[in-house]
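Here is a short briefing on one protein model. Look at the structure first, then read the points by topic.

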Amino acid sequence: MRDRVYLVTGGSRGLGFAAAQALVGEGARVVVASPHEATASAAVDHLAQSGTPANTSTWVLADNADPATPGRLIAAAIETYGRIDGALVSVGGTPTGSVASTTDDAWRAAFESVFLGAIRLGRVLAAELGSDETSFPGGTGGSLVFVLASSVRAPLPDLAISNGLFPGLAGVVKTLAGEYGPAGVRINGLLPVRIATDRVREIDALEGDPEDVRARQSEHIPLRRYGEPEEFGRVAAFLLSPAASYVTGAMIPVDGGAIRSI
């Protein structure tokens, strides 16, 4: 993947950062997008220390809900590295709450960021990757990977917004894969479960002592442990890479076997 260029939204922490690390470790260059300047800058500094090529990464201050974000990210990649090979779209988490307790405002805010923001990014980036100017020899137009949630397969307790938005988003990702497959653009989704990020630790802390919660939750996972961010990052990097050249329209769990549906 040396010298290939990838956009990574939500790339300053958590699963997005883990994917950026894996990409840089394989020789790629990344454009990290985050709404927070301090964390984005710190992430790029960290990636620069571990990257093998010079000028490994750069960052852009961007929010998925902003309609200008896709164009800004594409421009940053082209201006800095001269090309774009794909993107990891980390759509972000949703607030907890039941259907009864979740307000219209909470639904609207999540729809703008998690749902519409992700669709907009997918639509614009797929069109860019599938254009004549961007397409690669042999019809390989690059790859998009969306970080979704296990609620795509089964509803989660006390996560009404996730249960409402992510299955629909998975349907859109599958539809995009069909629309842009003829241009050589591959589009897939990842379904992480209990990866040991800061956000998961925060969620565990809401239920009690984080270590006790982790032990209890691990009992429901066939591998009997949480996943490490690096394990997620390697799967994301594989899907973005040419090694996964015949994989598209798939929803792939990274879950230690926790999702029991087929």
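Helices (H or I, at least four residues) and strands (E, at least two) are DSSP runs, numbered from the N terminus. This is a predicted model, in which local features need pLDDT of at least 70 and side-chain atom pairs count only at pLDDT 80 or more, while totals for chains, interfaces and linings use all residues. Residues are numbered from 1 along each chain as its sequence is written, and side-chain values use heavy atoms, with hydrogens and water left out.

**The sheet**
- Seven strands form an open sheet in the order β3-β2-β1-β4-β5-β6-β7, with parallel pairing; two strands pair if DSSP finds at least two bridges between them.
- β3 (57-61) and β7 (251-254) are the edge strands, and each pairs on one side only.
- On average, neighbouring strands of this sheet are turned by 20 degrees against each other, direction ignored.
- β5 and β6 run parallel and are joined by five bridges.
- V147 stands opposite L190 in β6.

**Helices on the strands**
- Axes are lines fitted to C-alpha atoms, for helices over the stretch in contact (heavy atoms within 4.5 Å), and angles run from 0 to 180 degrees between N-to-C directions.
- Helix α2 (residues 37-50) lies across β2 and β3, and runs at about 175 degrees to β3.
- α5 packs on the sheet and touches β5, β6 and β7; the direction of α5 makes about 155 degrees with that of β6.

**Nonpolar cores**
- A nonpolar core is a set of buried Ala, Val, Leu, Ile, Met, Phe, Trp, Tyr and Cys residues joined through side-chain atoms within 4.5 Å; buried means under 20% relative accessible area, exposed over 50%, and partly exposed in between (1.4 Å probe, protein chains only).
- The largest nonpolar core has 44 residues, and L125, F146, L148 and I187 have the most contacts inside it.
- Elements that give two or more residues to this core include β1 (5-9), α4 (104-129) and α5 (160-180).
- Apart from this core lies another, of 27 residues, among them A19, A22, V24 and V32.
- In soluble globular proteins, nonpolar side chains tend to be buried together.

**Loop residues**
- T197 is in the loop between β6 (186-192) and α6 (198-206), and counts as buried because its relative accessibility is 9%.
- Leaving aside residues up to four places away in sequence, T197 touches G14, L15 and P229.
- R194 also has its place in the loop between β6 and α6, and has a positive phi of about 50 degrees although it is not a glycine.
- Most residues other than glycine have a negative phi.
- R224, in the loop between α7 (210-218) and α8 (229-240), has a positive phi of about 60 degrees and is not a glycine.
- R224 counts as partly exposed because its relative accessibility is 47%.
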